[in-house]
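Reader: I am new to this structure. Please show me how to read its features, one at a time.

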Amino acid sequence: MKQIDTDIVNRVNALRKALHRHNHLYYVLDNPEVSDAEYDRMMRELTALEEAWPKLYDPDSPTSRVGAPPLSEFETIAHSIPMLSLGNAFADSEIIDFDRRVRKILRTVDKILYTVEPKLDGLAVELVYENGKLIAASTRGDGINGEVITANVRTIRSVPLLLQDTGKRNIPLRLEVRGEVFISHEGFRCLNEEQLSQKLPPFANPRNAAAGSLRQLDSSITAKRPLEIFFYGVGDEFTDLELKSHWETLQTLQELGLRINPLIRPEVTIEEAVDYYKELEGKRHLLPYDIDGMVIKVDNLSLQAKLATTSRSPRWAIAYKFKAMQETTRVLNIDVQVGRTGVLTPVAHLQPVSVGGAMVKRATLHNEDEIGRKDIRIGDTVLVQRAGDVIPEVVKVIESKRTGLEKTFRMPLNCPVCGSTVIRAKGETATRCINSTCLAQLKERIKHFSSKGAFDIDGLGDKLVEQLVDKGMLASYADIFHLDEVKIQGLERMGAISAEKLVLAIEKSKNIKFSRFLYALGIRHVGEHVAKILAEEFKSLDNLLAATKEQIEAVEGVGSVIAESVVNFFKQNTNREVISRIFDSNVCILFQTHEKEKTLENKVFVLTGTLEDLTRDQAKEMIEAAGGKVSGSVSRKTDYLVAGSSPGSKLDMAKALGVEIIDQAAFLKMLSLPKPQ
Ligand code: 9MJ
């Protein structure tokens, strides 16, 4: 027998010690200190070492356990069939290996059919129904014994207390059904708002919020939490239903009133399963809840039985995890950015780290209070998170990694760009530079002015604006219309053609709708939506300038804060002068059409693909003009998906959720409009 190197023994011991600690933090305290990805890496390293050196076997190793011990406050119950966790795969090749393993054990060369499911990132539970009545619910616990949480589970709206009796089949005498309890993004947002309003600490993510809510000793607290459930399997076989496949099981659960995920796809080959993973990864950010991968299950139940389980996980299923969207890294420094309205935003400069496939170097820290609440210091090891297209943010500090050398950050007393004293108004979280001639603010104001929802000047990008301001060629947004083509040509990365194109784009932007013009001015509290309301109401700039604060405040959707901000903006001479200079250069506000009938009042639309004759912006404007709303993602709240050619994953999502899908012709018909010429 080979002698085991002491380095290996030490490494195994260190990994076991660390994993025991992280298990406790994660399962018992609901307060993990490392990202799931880091935990998985440690677990895989330990498993590999234990497999290579069987002499190091230890029944108490974290690899020999499937979960955490049950919490002591709850009664425990034994699962009649252990609730095992799933083995993990992280690459296509591991899925192909899984299929190969399955066929080898089954001694077959035939294709195996699988059911593929989104892997919900929540908490596994088991519910027991007897004669159709919910009699018990428990957590997974250590896989053998779970905590009894019946009273808490009874508060979840999507859990039926009685199974549906459709008359189609007998209600089983006993049914042990398993599923994942979770909180949606919207539920999470509301819950954290509520926590903050009660001066309670917010939850770090929906999973922690779901765990905390499910393990409440007082179920009246659980009842106030937006918990949901999707069911995905059964415990003990309920032979009286005579099921042959996993998909049949899921359909039966659905008939019994137990909610199953609409994105589950049955009877796929291993190649189709890999395609499904890619599809799911693409629509992951459109889903209203967190998923962290897909689960692939052998569909045929007699094959499942032949494959059986290992001590740790079933051999007939595997989880293919997505790349983690959270990672740990270090805060190298914190600096401050100055925005369009003078707000100072602290930004963390991070040790670059790959999060979900993208390199993350910076993360917003929002404001001074947020830094204080999370106690983020320079030098700290932190958990960073990327979600969809939003700017990465710091979730929390890993306090155990503190060395004592970390430095506390203080908001500067002066603007880092212009040096003026900054102020923080009473009751506000924002610290501001109130020097309206601050170059940082000017650059941001000009970027906003030329942005898509405003003057939409093609070619006037961020870098160019910065150069133009630094060279003194733009001192206000009115100067855009006086830019000299010859002077532009002399700038970095600017040739004669680009300069000519830019001047043409500026010329084209001069005919502008009133709402876009108002939005472009960058009046505080006047975003695209408010600008549209004001334009609709006042029709022209002269009318708006003549309006009193009270008249503006009286408009539906406009409050006193907005009204005051508008009046103050137009009162200032510098603003009036800039506006008059804009008009000197032949800018023309297009006549605001009369209010159309609000035929699409409160209807929610999502756009996908390329429409024959309309740009996305044009379709959006038409929907909004008719009182409808346009959303970026498909959800249960979507009324119509307008689909053009080459639609994206939104189309699948709409199909899955049963959202009505219409083409351009049907869309125009809905608006009673002819096809554009
Ligand atoms: C989740 N988490 O969504 C399973 N799961 O099946 C699905 N988990 C599972 N299936 C057997 N969809 C063990 C765990």
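**Reading the model**

Author: An oxygen atom of the ligand is 3.4 Å from a polar backbone atom of P118. That is a polar contact, a pair of N or O atoms within 3.5 Å; within protein, one must be able to donate a hydrogen and the other to accept it, and residues adjacent in sequence count only if both atoms are side-chain atoms. The protein covers 88% of the 350 Å² of accessible area that the ligand has on its own, with areas from the Shrake-Rupley method and a 1.4 Å probe; for residues, only the protein chains shown count as cover.

Reader: What kind of model is this?

Author: This is a predicted model, where local features need pLDDT of at least 70, side-chain atom pairs count only at pLDDT 80 or more, and totals for chains, interfaces and linings use all residues. Residues are numbered from 1 along each chain as its sequence is written, and side-chain values use heavy atoms, with hydrogens and water left out.

Reader: Which side chains have an N or O atom 2.7 Å or 3.3 Å from a nitrogen atom of the ligand?

Author: For E117 the distance is 2.7 Å. For E180 it is 3.3 Å.

Reader: Which residues surround the ligand?

Author: A residue is near a molecule if one of its heavy atoms lies within 4 Å of it. Here the ligand is surrounded by L86, E117, P118, K119, L120, E180, Y232, V295 and K297. Strand β3 gives the largest share, four residues. Strands are DSSP runs (E, at least two residues), as are helices (H or I, at least four), numbered from the N terminus.

Reader: How is the length of helix α9 checked?

Author: The expected span is 1.5 Å times one less than the number of residues. Helix α9 has 14 residues (270–283), so it should span 20 Å; its end C-alpha atoms are 20 Å apart, which agrees.

Reader: Which residues of α9 are buried?

Author: Buried means under 20% relative accessible area, exposed over 50%, partly exposed in between (1.4 Å probe, protein chains only). In α9, I270, A273, V274, Y276, Y277, L280 and K283 are buried. An α-helix has 3.6 residues a turn, so residues three or four places apart point the same way.

Reader: Is helix α6 largely enclosed or open?

Author: Helix α6 (206–214) is largely enclosed by the rest of the structure, because nine of its nine residues are buried. At its start, a side-chain oxygen of N205 reaches to within 3.2 Å of the backbone nitrogen of R207.

Reader: Where does T638 lie?

Author: T638 sits in the loop between β24 (629–631) and β25 (640–643). At 7% relative accessibility, it counts as buried. Its side chain reaches the backbone nitrogen of S635 at 2.8 Å.
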